[in-house]
Amino acid sequence: QKMPPSLPATINIREPRWDQSTFQGRAKHFFMVTDPRNLLLSGATLEEARRVVEDYRAGTVQPGLTEDQLWRAKYIYDSAFHPDTGEKMILVGRMSAQVPMNMTITGCMLTFYRTTPAVLFWQWVNQSFNAIVNYTNRSGDAPITPSQLGTAYVSATTGAVVTALGLKSLTKHLPALIGRYVPFAAVAAANCINIPLMRQRELKLGIPVTDENGNRLGESTAAAQKAIFQVVVSRIGMAAPAMAIPPVIMNMLEKRAFLKRYPYLNAPLQVGLVGLCLVFATPLCCALFPQKSSMPVSSLEPEVQDEIRKKNPWLETVYFNKGL
């Protein structure tokens with residue numbers, strides 16, 4: 001039996017498999033990154049994927065390795081190990097934990113929204129989870145200090161709770177369906193507080209901007225503002241279907257005899273509906289904007305524009321990593 005031809009050592013596995021300039025390519029990439037099944041992989045499987053990836057990057061191609069197996073190993077490796085430090089990430093902080101964790105927390109936020117202690121508890125749980133995710137996926141280029149993490153965590157939790165309790169008191173005399181949307185407003189407010197605070201170093205000092213070949217041209221705070229805005233929109237978009245569609249369905253179901261007879265099914269039904277929405281909303285909203293985002297040189301700060309014009313007077317567009 002003939003051995004399959006050896007795989008060339010020239011495939012760039014530092015980049016995603018699919019074209020990231022198209023929405024479809026980005027969506028395929030993030031469906032792989034956020035696949036919850038990666039959480040079930042054994043330690044031995046993760047170590048084997050790490051070995052395949054590290055050997056390949058060092059120029060050693062394992063005999064009989066196919067391109068599909070290489071990409072599978074790359075996505076398993078990326079799902080569990082930090083891209084900058086190579087450390088194994090905390091299980092609940094991985095991108096593949098986003099759907100199961102968020103469906104549980106969001107489902108409970110939408111189910112237990114009527115009492116003040118429940119609102120306080122579930123908003124606190126949600127922001128604690130966000131802090132773990134932000135810490136786990138922190139950048140090696142601009143690490144988050146414990147004090148920055150603490151400030152962002154306390155501020156986002158306070159913002160979410162104040163928004164939730166303030167809106168809850170306003171909706172007392174409004175239809176029941178309106179009250180169900182209070183958790184979504186609180187989560188949206190918390191994202192608007194949490195992400196800019198978590199990335200405050202970038203807002204002060206700027207993020208690296210490059211030409212299309214990846215040559216670093218300087219740091220820009222205008223690029224940082226655009227990157228953070230795009231991430232906030234993606235995060236709110238991620239939460240929107242899961243927090244907007246289930247309340248309408250649950251509102252209708254609660255009027256039927258079935259849920260009145262079996263009220264204990266309320267929470268599991270809500271969690272299941274949220275999970276169904278998140279399986280699609282999480283990767284599709286991560287894919288809304290290219291990871292390698294761009295902006296015109298003319299939109300940068302004057303001093304950064306001057307610096308770039310000296311090096312490359314004809315350059316019109318710069319690129320930057322928007323983060324997640």
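Is Ala-224 buried or exposed, and what is its relative accessible area? Ala-224 is buried, with a relative accessible area of 0%. Buried means under 20% relative accessible area, exposed over 50%, and partly exposed in between (1.4 Å probe, protein chains only).

This is a predicted model: local features need pLDDT of at least 70, side-chain atom pairs count only at pLDDT 80 or more, and totals for chains, interfaces and linings use all residues. Residues are numbered from 1 along each chain as its sequence is written, and side-chain values use heavy atoms, with hydrogens and water left out.

## Overall layout

The protein chain has 13 helices and four strands. Helices (H or I, at least four residues) and strands (E, at least two) are DSSP runs, numbered from the N terminus. The C-alpha trace spans about 65 × 65 × 35 Å along its principal axes. Of the 324 residues, 45% count as buried. Contact means heavy atoms within 4.5 Å. Among contacts with a separation of 6 or more, 72% come from residues 24 or more positions apart.

Ala-224 sits in helix α10 (residues 221–253). Leaving aside neighbours within four places in sequence, Ala-224 is in contact with Glu-202, Leu-203, Gly-206 and Ile-207. Pro-296 is 72 residues from Ala-224 along the chain, and their C-alpha atoms are separated by 14 Å.

Asn-126 belongs to helix α5 (residues 116–136). This residue is buried, at 3% relative accessible area. With neighbours within four places in sequence left aside, Asn-126 is in contact with Asn-102, Ile-105, Met-109 and Val-187.

Ala-58 is in the loop between α2 (43–57) and α3 (67–80). Ala-58 is exposed, with a relative accessible area of 63%. The C-alpha atoms of Ala-58 and Val-187 are separated by 43 Å, and the two residues are 129 residues apart along the chain.

## Helix α13

Which residues of helix α13 (residues 302–311) are buried? They are Val-304, Gln-305 and Ile-308. Seen down the axis of α13, these buried residues fall within an arc of 100 degrees, so they line one face of the helix. The arc is that of the directions from the helix axis to the C-beta atoms. An α-helix has 3.6 residues a turn, so residues three or four places apart point the same way. The cover over the buried residues of α13 includes β2 (216–220) and β4 (317–321). On the face turned away from the buried side are the exposed residues Pro-302, Glu-303 and Lys-310.

## Aromatic pairs

Rings of Phe, Tyr and Trp (its six-membered ring) pair if their centres lie within 6.5 Å; planes under 30 degrees apart count as stacked, over 60 as edge-to-face and the rest as tilted. The count comes to five aromatic pairs. One of them joins Phe-31 and Phe-280, edge-to-face, at 6.4 Å centre to centre with 75 degrees between the planes. Phe-31 lies in helix α1 (residues 23–33) and Phe-280 in helix α12 (residues 266–286), so the pair ties together parts that are 249 residues apart in sequence. Phe-31 is partly exposed, at 33% relative accessible area. Phe-280 is also partly exposed, at 45%. Elsewhere, ring pairs link Phe-121, Trp-122 and Trp-124 into a cluster.

## Cavity and pocket

On a 1 Å grid over the protein atoms alone, a cavity is a set of points where a 1.4 Å probe fits but cannot get out, and a pocket is an open set with protein on both sides within 12 Å along at least five of seven lines; lining residues have an atom within 4 Å of a point. Grid points are joined across faces, edges and corners, and a volume is the space filled by probe spheres set on the points. For the linings, Ala, Val, Leu, Ile, Met, Phe, Trp, Tyr, Cys and Pro count as nonpolar, Asp, Glu, Lys and Arg as charged, and the others, Gly among them, as polar.

| Space | Volume | Lining by class |
|---|---|---|
| Largest cavity | about 70 Å³ | nine nonpolar, one polar, no charged residues |
| Second largest pocket | about 160 Å³ | six nonpolar, two polar, three charged residues |

There is one cavity of 30 Å³ or more. Residues lining the largest cavity include Met-109, Phe-112, Trp-122, Gln-123 and Pro-183. Helix α5 gives the largest share of that lining, four residues.

The second largest pocket is lined by 11 residues, and the closest to its centre are Tyr-113, Arg-114, Lys-168, Thr-171 and Gly-179. Helices α7 (176–179) and α8 (182–198) each supply at least two residues of this pocket's lining.
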